[in-house]
Amino acid sequence: MSALRRVFTAHVAFEIGVILKGLNGLLELIGGILLLRFPASAIRQFIVNISHNPAIAGQLSPHAERFAALYLLSHGVVKGVLVYGLLRDKLWAFPWAIAVFTAFGAYQIYRYVVEPSGWLIALTVLDVLVILLTIAEWKRVKNARTPLPPTQTSGPWMSA
């Protein structure tokens, strides 16, 4: 595979990964808004109705409900801002995204240790891939913006 094709493939994979992170952030925003807008009992009943499984709904205390809402809202906003910056090739967004996605991944690993879940593993794997692709894309964007050194067209060693 040629170098240009590898760069193009990595760029497309980066964009897909970032868009998936953006969709995840949008879902978190929606979830946070729903938790603030509707009582936990209504959300549990909705989950039971769509899943036909009462055990999946669980119980949330009012404190846990508020924490979950703020957690989801903050994650959604942060991811939204970072995704916007990454897709617009804003250089500030790359190191912030790497740091934030790494922190999210570390927290997900902690949550997995406390309460194992296949979804946490899948989300963490996606985070690691997006982090690696973000590092590669950051290098590509920086290199594309670095001016080439000027060519030497005259000097004491060149004859006129």
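Phe 14 has its place in helix α1, and that is where these exercises set out. This is a predicted model: local features need pLDDT of at least 70, side-chain atom pairs count only at pLDDT 80 or more, and totals for chains, interfaces and linings use all residues. Residues are numbered from 1 along each chain as its sequence is written, and side-chain values use heavy atoms, without hydrogens and water.

**Exercise 1. Compare the spans of α1 and α3 with their expected values, and list the buried residues of each helix.**

Step 1. Helix α1 covers residues 3–37, which gives 35 residues. From its first C-alpha to its last, α1 reaches 51 Å, close to the 51 Å expected at 1.5 Å a residue (1.5 Å times one less than the number of residues).

Step 2. Helix α3 has 26 residues and reaches 37 Å between its end C-alpha atoms, close to an expected 38 Å.

Step 3. Now look inside. In α1, His 11, Phe 14, Gly 17, Val 18, Lys 21, Asn 24, Gly 25, Glu 28, Gly 31, Gly 32 and Leu 35 are buried.

Step 4. For α3, the buried residues include Glu 65, Ala 68, Ala 69, Leu 73, His 75, Gly 76 and Lys 79. Leu 82, Val 83, Gly 85 and Leu 86 are also among them.

**Exercise 2. Is Phe 14 buried or exposed, and what separates its C-alpha atom from that of Leu 87?**

Step 1. Phe 14 counts as buried because its relative accessibility is 2%.

Step 2. Phe 14 and Leu 87 are 73 residues apart along the chain, while their C-alpha atoms are separated by 9.3 Å.

Step 3. Ser 74 is in helix α3, and Glu 28 is among the buried residues of α1. Ser 74 and Glu 28 are 46 residues apart along the chain, and 8.6 Å separates their C-alpha atoms.

Step 4. Ser 74 itself has a relative accessible area of 36%, so Ser 74 is partly exposed.

**Exercise 3. At what angles do α1 and α3, α1 and α5, and α4 and α5 pack or cross?**

Step 1. For α1 and α3, the angle is about 150° and the axes are 7 Å apart (lines fitted to C-alpha atoms over the stretch in contact, with angles from 0 to 180 degrees between N-to-C directions). That makes α1 roughly antiparallel to α3 (over 145 degrees; under 35 is roughly parallel, 65 to 115 roughly perpendicular, the rest oblique).

Step 2. Helix α5 takes in residues 118–145 and packs with α1 at about 130°, with the axes 9 Å apart. These two helices, α1 and α5, are therefore oblique to each other.

Step 3. The axes of α4 and α5 come within 9 Å and cross at roughly 165°. So α4 and α5 are roughly antiparallel to each other.

**Exercise 4. How many aromatic pairs does the whole structure hold, and which residues do ring pairs link into a cluster?**

Step 1. The search finds 4 aromatic pairs (Phe, Tyr or Trp rings, six-membered for Trp, with centres within 6.5 Å; planes under 30 degrees apart are stacked, over 60 edge-to-face, the rest tilted).

Step 2. Take Tyr 107 and Tyr 110: their ring centres are 5.9 Å apart and their planes lie at 40°, so this pair is tilted.

Step 3. Tyr 107 and Tyr 110 are both in helix α4, 3 residues apart, about one turn of the helix.

Step 4. Tyr 107 is partly exposed at 33% relative accessible area, and Tyr 110 is partly exposed at 47%.

Step 5. The cluster linked by ring pairs consists of Phe 67, Tyr 71, Tyr 107 and Tyr 110.

Technical notes:
Helix = DSSP H or I, 4+ residues; strand = E, 2+ residues; numbered from the N terminus. Buried < 20%, exposed > 50% of the residue type's maximum accessible area, 1.4 Å probe, protein only.
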